[in-house]
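The sequence and the structure come first.

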Amino acid sequence: MHLSEGILPLKQIVLSSSLAIPFVVDSYRKYKSSVKSANKDSKKPFFTMAIAMCFAVTLLPIPVPVAGASSHMCATPVLSLILGARIMPFSVMAILLLQAVFFAHGGITTLGANVLTLGVVGPFVTLLTLKTLRCCKTSGAVAIAIACFLGSISVYFADSLILSWSLAHKQAFTETFKVVSLGFLPVQVPLSLLEAVLSSSVVVYLSKFREDFVPSSIFKMLYGEKLLTQTTAK
């Protein structure tokens, strides 16, 4: 979900934008170095397609029959595993800005808040979850699916927190958060489960046929140290 134009009061707009700026600046530096690296390694088409996929996925509404509503997947959890979490805030900001200007999806005043939820919270929750599961020796494909599920659902809980905060002057924060979260769950849980399965399948597929597109840490999770060493040797 994108927080729409006019939904946040001025104080929240200024604070959320101020919080997002350091992440975007750091991400822009990482983005430039990643583009240079992609050019050198002939990965630029893949890099470009990954960002384009994020644009399409976050714009495309998917109906959820059990809830009688539609919403969209996030895409940033799986991209944070493939491209890195640090690159996501700047990429997400560019995507959200285009969507707000040309498709009235999201908003300019809510751009900072949406970058925080979709470009910061989702990716970093995904990576932290994956690191935790790796320590617990959870199966690679399962760990990726769980990490992407929690990364996706965390975006919507972050949206719920921001919405509850913006309405705190009208209703108690905890009460609003409970109502908004319960309203999101029937729609977002099925979509997050679908996203988890698709994300894990994409990473596994890439690791089998284009392992050079997958970070070595992810490849190691899926296939172990020995196979990683053999692949590197080749």
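The points below are grouped by topic.

The structure is a predicted model. Helix H5 is described with two partners, H1 and H6. A search of the whole structure finds nine aromatic pairs, and two of them, Phe55 with Phe103 and Phe157 with Phe177, are treated in detail.

**Helix packing: H1 with H5**

- Helix H1 covers residues 10-40 and helix H5 covers residues 111-135. Their axes come within 7 Å and cross at roughly 50°.
- The crossing of H1 and H5 is left-handed.
- On the H1 side, the residues that meet H5 are Ser16, Ser17, Leu19, Ala20, Phe23 and Val24. On the H5 side they are Gly112, Ala113, Val115, Leu116 and Val120.
- By class, the contact of H1 with H5 has eight nonpolar residues, three polar ones and no charged ones.

**Helix packing: H5 with H6**

- The axes of H5 and H6 are 8 Å apart, and the two helices pack at an angle of about 145°.
- The crossing of H5 and H6 is right-handed.
- H5 contributes Ala113, Asn114, Thr117, Leu118, Val121, Gly122, Val125, Thr126, Thr129, Leu130 and Leu133 to this contact.
- H6 contributes Ala143, Ile144, Ile146, Ala147, Cys148, Leu150, Gly151, Ser154, Val155, Ala158, Asp159 and Ile162.
- The residues of the contact of H5 with H6 divide into 15 nonpolar, seven polar and one charged.
- Ala113 of H5 is listed in the contact with H1 and also in the contact with H6.

**Aromatic pairs and a cluster**

- The search of the whole structure gives nine aromatic pairs. In one of them, the ring centres of Phe55 and Phe103 are 6.0 Å apart and the planes stand at 65°, so the pair is edge-to-face.
- Phe55 belongs to helix H2 (residues 44-59) and Phe103 to helix H4 (residues 88-103), so the pair ties together parts that are 48 residues apart in sequence.
- Phe55 is partly exposed, with a relative accessible area of 23%, and Phe103 is partly exposed at 48%.
- The rings of Phe157 and Phe177 have centres 6.4 Å apart and planes at 40°, so this pair is tilted.
- Phe157 in helix H6 (residues 140-166) and Phe177 in helix H7 (residues 173-209) are 20 residues apart, and the pair links distant parts of the chain.
- Phe157 is partly exposed at 32% relative accessibility, and Phe177 is partly exposed with a relative accessible area of 25%.
- One aromatic cluster is formed by Tyr28, Tyr31, Phe47 and Phe90.

- Ser160 lies in helix H6 and counts as buried, because its relative accessibility is 1% and the limit for buried is under 20%.
- Leaving aside neighbours within four places in sequence, Ser160 is in contact with Phe177, Val180, Ser181 and Phe184. Phe177 is also the ring partner of Phe157.
- Ile162 is in helix H6 as well and counts as buried at 13% relative accessibility.
- Not counting residues up to four places away in sequence, Ile162 touches Leu3, Leu8, Ala113 and Thr117. Ala113 and Thr117 are among the H5 residues in the contact with H6.
- Ile162 and Ser16 are 146 residues apart along the chain, and their C-alpha atoms are separated by 9.1 Å. Ser16 is one of the H1 residues that meet H5.

**Loop residues and positive phi**

- Ala75 is not a glycine, yet has a positive phi of about 70°.
- Ala75 sits in the loop between strand E2 (69-71) and helix H3 (76-82), and is buried with a relative accessible area of 3%.
- Lys137, another residue other than glycine, has a positive phi near 60°.
- Lys137 is placed in the loop between H5 and H6 and is exposed, with a relative accessible area of 74%.
- Cys136 is found in the loop between H5 and H6 and counts as exposed at 55% relative accessibility.
- From C-alpha to C-alpha, Cys136 and Ser33 are 33 Å apart in space, and they are 103 residues apart in sequence.

Definitions and conventions:
Residues numbered from 1 in each chain as written. Predicted model: local features only at pLDDT ≥ 70, side-chain atom pairs only at ≥ 80, totals over all residues. Heavy atoms only, no water. Axes fitted to C-alpha atoms, helices over the stretch in contact; angles between N-to-C directions. Helix = DSSP H or I, 4+ residues; strand = E, 2+ residues; numbered from the N terminus. Left-handed = near helix turned anticlockwise from the far one by under 90°. Contact = heavy atoms within 4.5 Å. Nonpolar A, V, L, I, M, F, W, Y, C, P; charged D, E, K, R; others polar. Phe/Tyr/Trp six-rings, centres within 6.5 Å; stacked < 30°, edge-to-face > 60°. Buried < 20%, exposed > 50% of the residue type's maximum accessible area, 1.4 Å probe, protein only.
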